[in-house]
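Subject: Structure handover and notes

Dear colleague,

Here is the structure I promised to pass on to you, followed by my notes on it. Please keep it open while you read, and look up each residue as it comes.

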Amino acid sequence: AGPPPAPCRRPRPARHEPGPGRAEAAYSPPMKIHIGNGARLFVDVEGPGLVPDGARMREKPTLICMHGGPGFDHAAFKPAFSQLADLAQIVYYDHRGHGRSDPRPSSEWTLDTWADDIVRLCDALGIERPIVLGQSFGGFVAQRYIARHPGHASKVILSSTSHHMGLERKLAAFERRGGPEARALAQAFWSQPSRETFEAYWAGVRHLYNTRPAADPEASGRTLVNLDILLHFVGGEKQDLGLLQGLEQARCPVLVMVGEDDPVCPLEDALEIHEALPPQWRQLARFPGVGHGAWRDDPTAAFAVLKKFIAE
């Protein structure tokens with residue numbers, strides 16, 4: 001759908017923080033990148049941007065992966081997304097204030113700021129026309145990015161995400177998956193977010209997010225969590241979230257991926273996101289029997305869809 005994207009420039013060595021004894025000119029990710037006003041984002045880059053192709057060097061597109069949460073980090077993408085490195089250079093980063101990025105004041109914990117950070121990061125790294133993937137909360141950021149910067153990306157992937165709070169849908173979905181107890185835990189957290197309600201929610205319903213046991217049971221332990229950001233967002237901006245209207249601004253192909261058994265970002269939300277996008281740009285991939293993050297429950301099908309969308 002639409003013309004092929006313009007090529008992406010590979011990240012250049014830009015304003016990173018050298019370690020002891022490392023020359024400033026060296027490009028050796030991971031690194032912290034200055035994006036303006038004292039903010040630094042943790043960035044890790046996988047794969048070369050230029051690869052030998054016969055008598056020339058071919059430029060691969062750049063895939064920017066935006067993690068979920070809020071309050072989490074990029075670790076959930078690894079190592080699964082490494083299989084895309086043959087098609088694209090992959091840029092992982094931690095949102096402003098998250099993970100290994102520098103702490104930032106709560107006044108900056110907003111969707112507008114996080115969406116604008118994509119552009120700031122691309123400017124700092126010399127990336128043009130990226131493919132931007134937003135998973136869950138990262139999909140909230142990607143939707144706001146579409147609205148605020150419609151001509152910036154070559155393609156966007158909205159994975160397991162929602163456009164609003166949609167509390168009743170969440171509660172009904174959790175009840176289908178885990179009965180009245182799961183519904184009650186979800187209602188307590190999403191309507192009255194606190195450390196106590198989140199801890200009870202996470203312990204009681206996290207296993208309901210997906211339909212299959214985790215392929216890597218230790219993966220969740222590698223994730224850095226900042227509950228202050230999570231509670232700030234869920235108790236504030238998330239309550240009145242409304243992202244559908246901005247989606248009409250899309251000016252590039254947008255793939256919506258949804259697991260049909262996702263309780264926290266239900267199928268109905270994804271269908272409404274898809275319908276709100278301009279018809280000439282929208283694509284939809286539904287995964288039966290799959291929960292939150294399609295690659296977790298059906299990696300073969302999910303990565304086949306991602307590879308096709310990146311390559312086409």
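How many aromatic pairs does the structure hold? The structure holds 22 of them, where rings of Phe, Tyr and Trp (its six-membered ring) pair if their centres lie within 6.5 Å, and where planes under 30 degrees apart count as stacked, over 60 as edge-to-face and the rest as tilted.

Before the details, please note that this is a predicted model, in which local features need pLDDT of at least 70 and side-chain atom pairs count only at pLDDT 80 or more, while totals for chains, interfaces and linings use all residues. Residues are numbered from 1 along each chain as its sequence is written, and side-chain values use heavy atoms, with hydrogens and water left out.

Aromatic rings

One of the pairs joins Phe 77 and Tyr 92, and this pair is tilted, with 6.4 Å centre to centre and 35° between the planes. Phe 77 sits in the loop between strand 5 (62-66) and strand 6 (89-93), whereas Tyr 92 belongs to strand 6, so that the pair links distant parts of the chain, 15 residues apart; helices (H or I, at least four residues) and strands (E, at least two) are DSSP runs, numbered from the N terminus. Phe 77 also pairs with Trp 295, and here the rings are stacked, at 6.0 Å centre to centre and 25° between the planes. Because Trp 295 lies in helix 7 (residues 294-297) and Phe 77 in the loop between strand 5 and strand 6, this pair ties together parts that are 218 residues apart in sequence. Phe 77 has 2% relative accessibility and therefore counts as buried, the term being used for under 20% relative accessible area, with exposed for over 50% and partly exposed for values in between (1.4 Å probe, protein chains only). Tyr 92, at 1%, counts as buried too. Elsewhere, Phe 72, Phe 174, Phe 189, Trp 190, Phe 198, Tyr 201, Trp 202 and Tyr 209 form one aromatic cluster.

Helix packing

The axes of helix 1 (residues 111-125) and helix 2 come within 8 Å and cross at roughly 75°, the axes being lines fitted to C-alpha atoms, for helices over the stretch in contact, with angles that run from 0 to 180 degrees between N-to-C directions. Among the residues that meet there are Trp 114 and Ile 118 in helix 1, and Phe 140 and Tyr 145 in helix 2, contact meaning heavy atoms within 4.5 Å.

In helix 6 (residues 267-276), the buried residues are Leu 267, Asp 269, Ala 270, Ile 273 and His 274. They pack against helix 2 (137-148), strand 8 (155-159), helix 3 (167-191), strand 9 (254-259) and strand 10 (282-287).

Ser 136 is placed in the loop between strand 7 (131-135) and helix 2, and at 10% relative accessibility Ser 136 counts as buried. Leaving aside neighbours within four places in sequence, Ser 136 is in contact with residues including Gly 68, Ser 159 and His 292. His 292 is found in the loop between strand 10 and helix 7, and is buried, with a relative accessible area of 5%.

Ala 215, in the loop between helix 4 (195-205) and helix 5 (227-235), is exposed, with a relative accessible area of 82%. The C-alpha atoms of Ala 215 and Arg 296 are separated by 7.5 Å, although these residues are 81 residues apart along the chain.
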